[in-house]
Amino acid sequence: MNRALTTALIIAAFAPLSLAVSTTAAAEGAPGGDVVMRQLWRTQKADTVETVQRVYGRVVRLKLPRPFVLADRQEQRGFFIAEYVPDGETVDNWTRMITVTGTRGGGAAHVTDAQLAAKFEPPACPAKIFRDLGPTKSFAGVTGRMVVIGCGAPDQAGAEHGVIGVYRDTADSWTVQYAERNHGKPPFSPEQAVARLDALAPAVIPLSPATGAAK
């Protein structure tokens, strides 16, 4: 598949839950975000930089590791997605990918957090992996759950393994994912998955009503 297994699963899992409305997510940054990130990496020595996306009434914040840059950002019909890959790679040719999504109405679905997370189980594929690791860090009005997914043996061309943080409030839902492709290593253990998501330090926080900025 051309794009991350996680991306395909998010679209499949949340599209039926989203509201069929046209809206624009006010994502932080402007076109050319990849250029901005390259300049930032050239001018600073830090191994990570904080990045934020304003998505459906909340801010999704994470620590982007060097040398990831924004590869694509889209929003349509109540679904937002931003994809980051190491500089020099693309959304069609990547070894690692970090993805942020938001879905209008995803949090309002009449399912439990565990049932929502179960929607990320991959379809039938060789060496399929799905592990629900249970609740993860919560934020003001937002609950979280972590799942590990995979498709393909480590030495199989196109094999992908990833960890997804699934977050929701009473209206909408968001995800932060880290995925690897063709890394030739065993799938993430639960401890490795937790460590990879923790390294991104994802947060889904409310906006200040007065300023529209993150609280």
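Mentor: Buried here means under 20% relative accessible area, exposed means over 50%, and partly exposed lies in between. By that cut-off, arginine 181 and glutamate 160 are both buried. Bear in mind that the model is a predicted one.

The side chains of arginine 181 and glutamate 160 form a salt bridge, with 3.1 Å from N to O. Arginine 181 belongs to strand E9 and glutamate 160 to strand E8, so the pair, 21 residues apart, links distant parts of the chain. For the count, a salt bridge needs a side-chain nitrogen of Lys or Arg within 4 Å of a carboxyl oxygen of Asp or Glu. By this rule there are 10 salt bridges.

Another of them joins glutamate 50 and arginine 61, whose closest N and O atoms are 3.8 Å apart. Glutamate 50 sits in strand E1 (residues 48-55) and arginine 61 in strand E2; the two are 11 residues apart, and the pair links distant parts of the chain. Glutamate 50 has 53% relative accessibility and therefore counts as exposed. Arginine 61, with a relative accessible area of 27%, is partly exposed.

Aspartate 172 and arginine 104 make a further salt bridge, again with 3.8 Å between the closest N and O atoms. Aspartate 172 is buried, its relative accessible area being 7%. Arginine 104 is partly exposed, at 28% relative accessibility.

Salt bridges also link Asp34, Arg38 and Asp87 in a network.

Several strands named above also meet helix H4. In H4 (residues 190-200), the residues Ala193, Leu197 and Leu200 are buried. They lie on the same side of H4, because they cover an arc of only 50° around the axis. The buried residues of H4 pack against a set of strands that includes E2 (58-65), E5 (96-103), E8 (160-168) and E9 (173-181). Strands E6 (129-139) and E7 (142-151) are also among those they pack against. Arginine 61 is in strand E2, one of the strands in that set. Just after H4, alanine 201 has a positive phi of about 50°.

Terms used
Residues numbered from 1 in each chain as written. Predicted model: local features only at pLDDT ≥ 70, side-chain atom pairs only at ≥ 80, totals over all residues. Heavy atoms only, no water. Buried < 20%, exposed > 50% of the residue type's maximum accessible area, 1.4 Å probe, protein only. Helix = DSSP H or I, 4+ residues; strand = E, 2+ residues; numbered from the N terminus. Arc of directions from axis to C-beta. Contact = heavy atoms within 4.5 Å.
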